[in-house]
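Biologist: I have a structure here that I would like to go through with you, one topic at a time. Could you look at it with me?

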Amino acid sequence: MNIELHDSRTGAKRAFVPQDPARVTMYVCGPTVYSYVHIGNGRPAVVFDTLYRLLRLRYPQVLYARNVTDIDDKINAAALANGEPIKALADRYTAHYNNDIASLNVLDATVVPRATEHIPEIIAMIEQLIAGDYAYAADGHVLFHVPADPAYGQLSRRSLEDMLAGARVDVAPYKRDPKDFVLWKPSTDELPGWDSPWGRGRPGWHIECSAMIEKHLGDRIDIHGGGSDLIFPHHENEAAQSRCALGQEQTVGWWLHNGMLTLGDEKMSKSLGNVLTIAGLREQHSGDVLRYALLSAHYRSSLAWSDALLTQARKGLDTFYSALRTVPALRERYSGGWADAGGDAFPDAVLAALADDLNTPAAIRELHALASEIHKATDEATRTQLGEALLAGGWLLGLLTQSAEAYFTAAAELAPERIEALIDERRQAKADRDFARADAIRESLQDAGIELEDSRDGTTRWRAVER
């Protein structure tokens, strides 16, 4: 299986060839933990989790680091406004984030480094940059001198004017060049700070990732991921720091960036105040539905979030679980998830779609084709084989993590025992030729969000549906 990935730096899709075929390294920028994360923050977690699953099939070891930014001016401001310790606020929202992405069926990363746990490494990297004349101390700050790096701008391919606008910073008098950015800044008494050669202070945002990557993954990594809104200034600055501190022309093999979620014509963002939190969405939708919706568009495209998208996702999952429900062998031993079902044959068409720059819409279409084949199968052995393939393909996408029965009962307003009792009563009414009563029971169940499916053998299955 050959994997091709689109590299943001070169602007082209290239065959993925890691430095060491026995050890793939991937780093993805995680959250800044000052409030509940919105569903847009869930997109990179889901996208790169799907890539992680694919890479694990191809390579014997995949080291995946997904960081937490737990020192930031937004965190400081939120904690001061709440009158609580900064660490307490960061810890609380880190726990919320972990719960949110777990509900989206995101696997644990190999390592989850936190910025505040890497202050010595950050200071050491800043000292390397100063020693190489790439950075300088001024007025209690340490700044990276952008003109000292001839390759600066290579990733984002921006003009000077765009760089200054994108940085969104005032041109401070202590800067040698307007594009220079902060590596270390002084802290007042009420702000968190650490002793350093430049006085008590705290790190800038960009240097944190460079230091954590070197610490946990090495001088050069295979894949660096994140949202497209991070290309500039964060990833551009990060690339410059790492390149200059470590003395390498390139420190990342492939830069991967997912597109943004939109509400109407606007990007979803906390600053615009138009966010839908994962926690809030989970009150009405399962993690499977949210994940399906996030994967329904190609990761590099923008994704318009809407109720219609969620309805489509729910219907798609209904199709998958309805097919799995017809496979007796899986029902008997399956408690939820591909591993529990014992499947080991990943469908080639799903693998091919994901290997083509993580084409999840194509992979989902292949899962629908498998579901259709299950319904057409005339013998149990074929149906079981196809069912196991559907589960295995679902695992690659982080879907189909529960049994069909659990899925269809999860959203039911009535207790399953009550539903079964009404189905039995309807069956008896039909046997007594009391069709008016049978129809009335069906309608009452429909009003409660329960859809009935009569099979040829006389049995009736039911499922909860969105109304």
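Biologist: How many disulfides does a search of the whole structure find?

Modeller: The search finds zero disulfides, a disulfide being a pair of cysteine sulfur atoms within 2.5 Å. Please keep in mind that this is a predicted model, in which local features need pLDDT of at least 70 and side-chain atom pairs count only at pLDDT 80 or more, while totals for chains, interfaces and linings use all residues. Residues are numbered from 1 along each chain as its sequence is written, and side-chain values use heavy atoms, with hydrogens and water left out.

Biologist: Changing topic, which residues touch the most other members in the largest nonpolar core?

Modeller: Those are Leu-51, Leu-55, Trp-305 and Leu-390, in a core of 79 residues. A nonpolar core here is a set of buried Ala, Val, Leu, Ile, Met, Phe, Trp, Tyr and Cys residues joined through side-chain atoms within 4.5 Å. Helix H1, residues 39-58, gives the most to this core, with nine residues; helices (H or I, at least four residues) and strands (E, at least two) are DSSP runs, numbered from the N terminus.

Biologist: What is Leu-51 in contact with, leaving aside neighbours within four places in sequence?

Modeller: With that condition, Leu-51 is in contact with Leu-5, Met-26, Ile-223, Leu-256 and Leu-358, contact meaning heavy atoms within 4.5 Å. There is also a second, separate core of 22 residues, which includes Leu-183, Trp-198, Ile-207 and Phe-232.

Biologist: Where is Thr-25 found?

Modeller: Thr-25 lies in strand E3, residues 24-28, and is buried, with a relative accessible area of 1%. Beyond its neighbours within four places in sequence, its contacts include Gln-19, Leu-63 and Arg-220.

Biologist: What about the chain overall, how many helices and strands are there?

Modeller: The chain has 18 helices and 15 strands, and 53% of its 467 residues count as buried.

Terms used
Buried < 20%, exposed > 50% of the residue type's maximum accessible area, 1.4 Å probe, protein only.
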